[in-house]
Amino acid sequence: MAWWRRTKKAAAGRGGGRGAAPVGLSVFDRTAGDGAPARPGLRLGARQLPPITIPSLTDRVAAQTRASHPKGTGPVQAVVPHNVCVEDGSVTFMGLGGRAAIVVGLTPRLRPDLYGLGEAVQDEGALLHLDAHPGFLRASLLLPDTEVDLDTGLRPDQGDIQEFLHAAYASETVELHIQHTTHDRLLPYVCSAPGLRRAVDAGFAEFTQPPPDDLAAAVAAVNHTLNPAVRVPLHVTGKAALAVVFDVEV
């Protein structure tokens, strides 16, 4: 994944160009270093995503669980708290246990602290843009009362990205988990995401092409605008569980 952060323009300009200078670029491009074989892509409705070449967190948890128990044990319950999935200064998209989640790790560079953010998210919600480009989705998360937009390049061959899309597409529901390096607590919300299925369908043929060699450069080349046609509002409907619990067959 690649991540771009920039100061927001005024709200009136969100549908078009963003003229403010970028404030940072980081690259989090996970590769299948463990030599795990590809597995078939997941389905979004009647269409199938490309083969998964980069294992998901689900894959890694399942492998670790099976390595810790004798074969034939049967179902073993795995418990993964969302706070262990937080990467400081990053946004992580995942679908662990069939729950589509966006996990945000804020730092003082992005926002001084969490004070007031929980109330703003509950009152105003958030915005997610899912803009398709050749070989990747540019996911732009706009949090209220926060002066940066959080842009992430999503590769379609990553297991975490496919599991996120698979779960979110089926239910148009997304969990939003927000943490800050200056706080111990996590803000966990369940959000409705009306229009997410439409936005993914509109860009399917484009973002399922082979990913670019340099994802960070590809994101940087296109992140000067927000496409209002793929804007997905996130409306808080409740509190999310702080951990994902699912069974692994051993």
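1. Of the 250 residues in the chain, 53% are buried, where buried means under 20% relative accessible area, exposed means over 50%, and partly exposed lies in between (1.4 Å probe, protein chains only). This is a predicted model, in which local features need pLDDT of at least 70 and side-chain atom pairs count only at pLDDT 80 or more, while totals for chains, interfaces and linings use all residues. Residues are numbered from 1 along each chain as its sequence is written, and side-chain values use heavy atoms, with hydrogens and water left out.

2. The secondary structure consists of five helices and 14 strands. Both kinds of element are DSSP runs numbered from the N terminus: helices are H or I with at least four residues, strands E with at least two. A contact here means heavy atoms within 4.5 Å. Among contacts between residues at least 6 apart in sequence, 70% join residues at least 24 apart.

3. The largest nonpolar core holds 44 residues, and I102, L176 and I178 have the most contacts inside it. Helix α3 (residues 159–171) is the element that gives the most to this core, with six residues. A second, separate core has 17 residues, including L57, V61, F246 and V250. The term nonpolar core stands for a set of buried Ala, Val, Leu, Ile, Met, Phe, Trp, Tyr and Cys residues joined through side-chain atoms within 4.5 Å. In soluble globular proteins, nonpolar side chains tend to be buried together.

4. What does I102 touch, leaving aside its neighbours within four places in sequence? The partners of I102 are V91, T92, F93, L128, L141, F164, V174, E175, L176, H177 and L234. One of them, L176, is itself among the residues with the most contacts inside the largest core.

5. How do α3 and helix α4 (residues 196–207) cross? Their axes come within 9 Å, at roughly 140°; axes are lines fitted to C-alpha atoms, for helices over the stretch in contact, and angles run from 0 to 180 degrees between N-to-C directions. α3 is therefore oblique to α4, since angles under 35 degrees count as roughly parallel, over 145 as roughly antiparallel, 65 to 115 as roughly perpendicular and the rest as oblique. On the α3 side the contact is made by L165, A168, Y169, A170 and S171, and on the α4 side by L196, R197, V200, D201 and F207. The crossing is left-handed, meaning that the near helix is turned anticlockwise from the far one by less than a right angle; clockwise would be right-handed.

6. Two residues deserve a look for their backbone angles. Most residues other than glycine have a negative phi, and most peptide bonds are trans. D145, not a glycine, has a positive phi of about 55°, and it sits in the loop between β9 (136–142) and β10 (148–154). E172, also a residue other than glycine, has a positive phi near 45°. E172 is in the loop between α3 and β11 (173–180) and is buried, at 18% relative accessible area.

7. G74, in the loop between α1 (57–67) and β5 (75–81), is buried with a relative accessible area of 10%. The C-alpha atoms of G74 and E249 are separated by 5.4 Å, although these residues are 175 residues apart along the chain. Beyond its neighbours within four places in sequence, G74 is in contact with V248, E249 and V250.

8. R66 belongs to helix α1 and is partly exposed, at 44% relative accessibility. Not counting residues up to four places away in sequence, R66 touches V248, E249 and V250. Between R66 and V248, 182 residues apart along the chain, the C-alpha separation is 7.7 Å.

9. Is D123 buried or exposed? D123, in helix α2 (residues 117–124), is exposed, with a relative accessible area of 68%. Its C-alpha atom is separated by 8.1 Å from that of V236, 113 residues apart along the chain. By contrast, H133 in strand β8 (residues 126–133) counts as buried, at 13% relative accessibility. Leaving aside its neighbours within four places in sequence, H133 is in contact with R138, E206, F207 and V222.

10. The count of disulfides is zero, a disulfide being a pair of cysteine sulfur atoms within 2.5 Å. C85 counts as buried at 10% relative accessibility, and C191 is buried with a relative accessible area of 1%.
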